[in-house]
Amino acid sequence: MSYRVGVDIGGSFADFAVFDENRKTIHTLKVFSRPDSPGSEVLDGVKLLREKYGIDPEKITYFTHGTTVGINTVIQRNGLKLALFTTENFTDVLELARLKSPDMYNLLSRRPEPLVSRDMVFGIRERVDALGAVVTPLERASVIQALNAALQQGVEAIVISFLHAYRNAAHEQQVSAIIREVAPELPVICSSATWPIIREYERTITAVIAAYVQPRVKYYLSSLQKSLKNTGIRPELHLTKSNGGIMTAELGKEQCAQMILSGTASGVIGAGYVAKTSGVEKCLSLDIGGTSADVAIILNGQPHYDVGEYIGEFQIFVPSVSVSSIGEGGGSIAWVDCFGVLKVGPTSAGSSPGPACYGLGGKKPTITDAFAVCGFLGNTTLGYSAVTIDRELARQAIEPLAKQLDRSIEHTAEAIIHIALSSMYSGISALVSRFGIDLGAFACLAFGGAGPMMGCLLARDLKMKETLIPPTPGVLSALGGLIADLKNDFVSILYRDLDENCLPEINNHFNRLEVQALDWLHKEQAHDGEYEIIFSADMRYRGQSFELETPVDIQALRRGDITELARAFHHEHKKVYGHADTGADLQLIALRLIIIGQTPKFNLPVFELTHGAPSEKTRVSAWLDGRYQSLTLYHRNALRPGHVFYGPAIIAQDDCTTIVPDKTRVTIDKYANIRVVPELI
C-alpha cells in the first residue's frame, strides 16, 4: 500500500486529502488549526489518519503542504526588523509606492505604514543607468556607514534594492559580500535575486516581503520537516507555490516570495481540476473558509494568472494564481458600529476560540453562528465529528446585537448573512468589471468549510448559471496540492525596440533561461518525467507605460522569424483593449519562461447514473427568506449520481453543509458533484 497526502491549513481547520495509489480511492479528514503552535495540526492529522483509516506513515510516498505562515506574518506584522539599502537619493521608494489611495472613495484613507520604517532606510552611493552601465562606482565607505547605523538600531536582516539592478546586479552583489564580511550572521536579500523586474517599487516591495517573512517560514518548515521524519514519513516535504505549482520545502526556505500565497493557490488548482473534469468551461471558484472568501476565474480548467496580488495591505509582484480575497469567512465577527449599523468582519474568531456555537469558549457572534440560529447548522456534527453545534450558544452570542438593533434574534441572524453576501456580491462585481465577463454564463464552484453554505445563496443573487459542489468541498484545497505540478517562473529583462537586429539577443536570452529552468527541474524532480516549457514576452507599443504578456512561438524565433512575435502582440492587444496599431513601433521589455514538470495524476471516479429522488431524508425547520420554513434534510452519503430533487433543502456531510434555496433544481452528476440550477419560471 502507498499513499499520497495533501494538507492545507486554513483559519479554522487543517484539511487532509489522501489518495490510496493501490485502491484509487480518496480519504479526507479535518482537524482544528493550531495558530498557537503552527504545524502541530499536521502531526495531529497524521495521527488521526492512522487511527481512522489505518494509514501507516511509513507507507506515505508523497507529502505536499499549503501553508499560510508567510501571509499571516505580513498581516500580523510580526516579521523581522529590516533595513533597506537603496541607491542614494531613492530612499523614499516605499513611502511613495505608486501614489495610489487604498480606497479611492474614502477621503480619509491612508496608505499602510511600510514594513521598513523610514529611519531604517539608507542611501548607498552608487548608480547604474537603465542600460546597466556604471555611472557612479559603489562607495564601500557608504556601505559600512549604513551597516553600522543599522546594526546600532538592532537590524535583523538587510534588503538591497538598487536602481536598475535588473540590468546589472553587480553593485547589489558587492554590497552583499561586504555585509557578509563585516556581519556574516546577518541575513541579506538582494532584489535582483528575488525577482528581477524593471519597476523600482515593485521589485523593492517584493524583496522586502520575502525578507520580512523568511526566518519564520524557515523555522516553521524546518520544524515540520523534523516532526514528519519523527512520525515515520520519509518523502521530502513539498510546498504548493503562489503560481499553482509545487516545490521542495528546502527551496521554499530560501525563496519565500514564491510560496507566500501557497494556501489560496491550492484551492484554485483543485477547483480548476474539478471544473475541467466535470465539463464546466466557465467557472468562478468560491473558497470560503474561517477568515475570508477567495474568488478566482477559471476558463477551460485553467485559472487566471497575474502579478500584484495582495498580501494583507501590500502587493507582491511575483507570478501567482489570481485570487481576490473578500474578507468574509465563516468565523467573521458581526458587530454594531457607533452609528447603530450592523457590520460583519474583517475580524475573525478563527479556530481559537472560534464561533460561539462550537462551544470552545467563543462569545462573539459570527456568520457561522447566524446560520446555526437560522437552523441550517446543528442537525448533524461537522468537521468529521470534531464539532457539535450548540444553537443556544449561538443565540446567546447574537442576542446582544438583536437588542441593539431592536430586532428578533432570527431577523438579526439573517441580516448578518445578507450583509456578508452583499460584501461578497460587491467584491465579485468589481472582479467581473475588471475582466469584462458575463456571470450569467458562469458556474459557481463553491468549496471550503463555508463555501457550500453560502455558495448557492450568492449564486442566486449574482444570477449565475449554476452552482457546483464537489464531493469533498471542505478539503478541495488539500486535493489541489496533490495534483499540482512542479512549476517555476524565470524572467530576463531585455528592454529594447523589437526589430530583426535583436533576434540573436532574444534567442540567447531564451536559451539561458531554458538552461536555468532545466537545471531547476532536475534538482526538484526525484526522477525524470515529462515536462513542458512555455515561452512568453512582455511587450508594448512605444510610448505605452505598461506591457502585455505575449505568447511566444519559440520555433519561429529560432527559424529567424521575428514577424510572428509582432503579430502575436497585436493580436493580444486587440483581445485586451479592442484595438491594435500594426504600424506602430514595438518594445520588448522582458522575456519569460515557465517550466512545468508533470506529477502523477489520479482520475476522479465516474459512477453510473441512477434515477429518481433520494429515499433517505428528514424534515427540519429553518429560518429562510424572513420566515420559518420546513426544509428537507439530505445526508450527502445517501445521494447517488442521477438523483434529482428540488429546493429549499439542506445537504449535510462530514466536512461542510450545503444550503439549497427555493426555486432550484438539484441533480447529482456522474462525478457525484451536486449541481444546483435555478428553475425556469
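Student: T204: is this residue buried or exposed in the model?

Tutor: T204 is buried, because its relative accessible area is 1% and the cut-off for buried is under 20%. Bear in mind that this is a predicted model.

Student: Where does T204 sit, and which residues is T204 in contact with?

Tutor: T204 belongs to helix 7, residues 200-230. Apart from neighbours within four places in sequence, T204 is in contact with L84, V93, L94 and S161.

Student: What is phi of A672, and where does A672 lie?

Tutor: Phi of A672 is near 70 degrees, a positive value in a residue that is not glycine. A672 lies in the loop between strand 34 (664-668) and strand 35 (674-678). A672 is also buried, because its relative accessible area of 19% falls under the 20% cut-off.

Student: What about phi of A97?

Tutor: A97 is not a glycine either, and its phi is positive, about 45 degrees. Its place is the loop between helix 3 (93-96) and strand 6 (121-124).

Student: Which residues does a cis peptide bond join, with omega about 0 degrees?

Tutor: G345 and P346 are joined by that cis bond, at an omega of about 0 degrees. P346 is found in strand 22, residues 342-348.

Student: And what is omega for the bond from G647 to P648?

Tutor: Omega is near 5 degrees there, and the bond from G647 to P648 is cis. P648 is in the loop between strand 31 (644-646) and strand 32 (649-652).

Conventions:
Residues are numbered from 1 along each chain as its sequence is written. This is a predicted model: local features need pLDDT of at least 70, side-chain atom pairs count only at pLDDT 80 or more; totals for chains, interfaces and linings use all residues. Side-chain values use heavy atoms; hydrogens and water are left out. Helices (H or I, at least four residues) and strands (E, at least two) are DSSP runs, numbered from the N terminus. Buried means under 20% relative accessible area, exposed over 50%, partly exposed in between (1.4 Å probe, protein chains only). Contact means heavy atoms within 4.5 Å.
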